[in-house]
Amino acid sequence: MVVGSIELLPVPDAVGVFADYGEAYPEVPPEAWAPYRALYHELFAGDSWRVPGGCFLIRSAGVTILVDTGVGPPGLWDWTAEEEGMLPSSLDALGVRRDEIDVVFLTHMHIDHVGWNTDLEGVAFFPRARYVVHRDSLAFARTQDGRPHVQRCILPLEDRFETVTGDFELAEGVSAFVAPGHYPGHMGVRLASSGGEAVVIADTAVHPALLHEPDWVYVSDGEPETCAATRHALIPELVDRDALVACGHYPGSGIGRIVTRDGRAVWEEVR
Ligand SMILES: [Zn+2]
């Protein structure tokens, strides 16, 4: 996918069943999911949430950025994977070597976003990359230093992280922005070039149903009210616009647009 002179490419890493919808969204009655089951059937496995874990590669003005590093090598996360550990082969398929990644940008530090930060020995998987993350994300992850993904994917890189505290230009036309609520210091990425626009919304709306139901509470949204406020602020500026909207937990490539269908804000993949 091209945004002006910037490339935005999906880098799939994993897909699997994570939780029952009733556990992940305890306040949402089962019948309320019906329209979304029809719209996003790939995200349903019976009453369970079948969730992809994807990353994105951005290339602008000679700078190659990997946004998030996925679930990582099999074995770290206690979920029911269908496929996992795909990131290296996904990069191969794009013709990108891991030593060509200039910047690893982490939207936040949940287990499904930091998995390939390191190899199984805790050595940086992207040898040349700057690892950029919001200061509050890193500070929060440090408070969870008993958790395996923090021990293997975050603590060994302590000296390597470059922390930011607000909007930050990663490359020409590529800027990280704070999208609070899901995780401390949670950030998205805006791309703008030659009139083209795209927004990697990260986990601002972790399920596309939340684009139309911004007040639905997902149990892993750290600050639900803040997260809902971020959705209320961000989504209207993306609906029925040319802007691409990308999320690694959405179907297919995870790159699409939000359009109004029968009065409902719906995410549709752009192929
Ligand atoms: Zn996530």
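What is the order of the strands in the open sheet of seven strands? The order is 10-11-12-13-14-15-16, and the pairing is mixed.

## Basis of the model

This is a predicted model, in which local features need pLDDT of at least 70, side-chain atom pairs count only at pLDDT 80 or more, and totals for chains, interfaces and linings use all residues. Residues are numbered from 1 along each chain as its sequence is written.

Strand 10 (168–171) and strand 16 (264–269) are the edge strands, each pairing on one side only. Strands are DSSP runs of E with at least two residues, helices are runs of H or I with at least four, and both are numbered from the N terminus; two strands pair if DSSP finds at least two bridges between them. On average, neighbouring strands of this sheet are turned by 30 degrees against each other, direction ignored (axes are lines fitted to C-alpha atoms).

Three antiparallel bridges join strand 10 to strand 11 (residues 174–178). Opposite alanine 171 stands valine 174 of strand 11.

## Helix 4

Helix 4 (residues 135–142) has Asp136, Ser137, Leu138 and Ala141 as its buried residues (buried: 20 or more other C-beta atoms within 10 Å of the residue's own; exposed: 12 or fewer; partly exposed: in between; C-beta atoms are placed from the backbone). These buried residues pack against strand 7 (103–106), strand 8 (130–134), helix 5 (148–153) and strand 9 (161–164), contact being C-beta atoms, placed from the backbone, within 7 Å.

## Helix 6

Cys227, Thr230 and Arg231 are buried in helix 6 (residues 224–234). Seen down the helix axis, the buried residues of helix 6 fall within an arc of 100 degrees, so they line one face; the arc is that of the directions from the axis to the C-beta atoms. Glu225 and His232, on the other side of helix 6, are exposed.

Methods
Axes fitted to C-alpha atoms, helices over the stretch in contact; angles between N-to-C directions. Contact = placed C-beta atoms within 7 Å.
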